[in-house]
Amino acid sequence: MKRFLTFTIVFLMLAVLMPVRVYANSAEPPVMVILSVNAPSDTELVFTYSDGKTRNAEKHLRLWEKCYFLYHGNFVDHNDNGEAVYYTKVTVKSSEKSFELDIPERTVGGSFSRVWTLDFSSETLTENVSPLRAPLYMLLRVMFTLIIECGFYYLVGYREKDSYIAFITVNIITQMFVNFVINGGSLDIFYSYTPLIYIGMELLVFIFEMIVLPAKIEEKKSGWTLLWTFTANTVSMVIGGIALLFVPF
């Protein structure tokens, strides 16, 4: 068990800290992200160029939230004379109704807030998102993680109150770190690099919890706590990674 502990900690530290040169194309972030909670699931956003051409925004359904992405390659086009043309309006289409919205002039010019909110009921498009969005989703992510990991620890035999105080405290600390990275950065950048950011953060969580929990929990031997901590985080990472495909963040 000591060899397993040493190997695991060294492997995770090297995976995070060892500098490795990698050559790759960077993922293109969208130039415009439009979020909507109250739009019907069949809603489509069709953008119209100043020369009359149209293009549909890329759509993702995440439970109650609809996400629409517009990338630079689609945002700017060129007419027959080689002049740049931009979108000037967006048509919102669904089985319930359709309406047109103008895109602000500074958005067309390329200097704009990247994240917008579409209110389907009032037929408005506004900059940024509700200030309640980030705290609400952060609370949901923390609760989801606690349910998964505390449920796992219960299944493998942990029963003492002090053990669960340690589990919950450490997970709240690590989830605060994870959510600080998610909510502290640009939402459009996070959408482009979701897998890399998620895996990187989870590796740091692995290291922290595998060092702290075996030292704090006395209900079982530290070797077993280490093993179950590694397993619980693996289960949480896999389920959380799958959940990112379906839930808002």
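Colleague: Which strand pairs with S1, and in which sense?

Modeller: Strands (E, at least two residues) and helices (H or I, at least four) are DSSP runs, numbered from the N terminus. Two strands pair if DSSP finds at least two bridges between them. Here strand S1 (residues 32-36) runs parallel to strand S9 (residues 115-119), with 3 bridges. Ile 34 has Trp 116 in S9 as its bridge partner. This is a predicted model: local features need pLDDT of at least 70, side-chain atom pairs count only at pLDDT 80 or more, and totals for chains, interfaces and linings use all residues. Residues are numbered from 1 along each chain as its sequence is written, and side-chain values use heavy atoms, with hydrogens and water left out.

Colleague: In what sense do S9 and S10 pair?

Modeller: Antiparallel, over 4 bridges, with strand S10 spanning residues 124-127. Thr 117 faces Thr 126 in S10. S9 and S10 make a hairpin with 4 residues between them. In the turn, Glu 123 has a positive phi of about 60°.

Colleague: How many aromatic pairs does the structure hold?

Modeller: A ring pair is described by the distance of the centres and the angle of the planes. Rings of Phe, Tyr and Trp (its six-membered ring) pair if their centres lie within 6.5 Å; planes under 30 degrees apart are stacked, over 60 edge-to-face, the rest tilted. The structure holds 10 such pairs. One of them is Phe 152 with Trp 228, edge-to-face at 6.1 Å and 65°. Phe 152 lies in helix H4 (residues 133-155) and Trp 228 in helix H8 (residues 222-243), so this pair ties together parts 76 residues apart in sequence.

Colleague: Is Phe 152 buried or exposed?

Modeller: Buried means under 20% relative accessible area, exposed over 50%, partly exposed in between (1.4 Å probe, protein chains only). Phe 152 has 16%, so it is buried. Tyr 164 and Phe 167 form another edge-to-face pair, at 5.5 Å and 85°. Both are buried. They sit 3 residues apart in helix H5 (residues 161-184), about one helical turn. Ring pairs link a cluster that includes Phe 152, Tyr 164, Phe 167 and Trp 228.

Colleague: Which ring does Lys 220 lie over?

Modeller: A charge sits over a ring if NZ of Lys or CZ of Arg is within 6 Å of the ring centre and within 35 degrees of the ring normal. Lys 220 lies over the face of Tyr 158, at 5.3 Å from the ring centre.

Colleague: How many disulfides are there?

Modeller: A disulfide is a pair of cysteine sulfur atoms within 2.5 Å. The count is 0.
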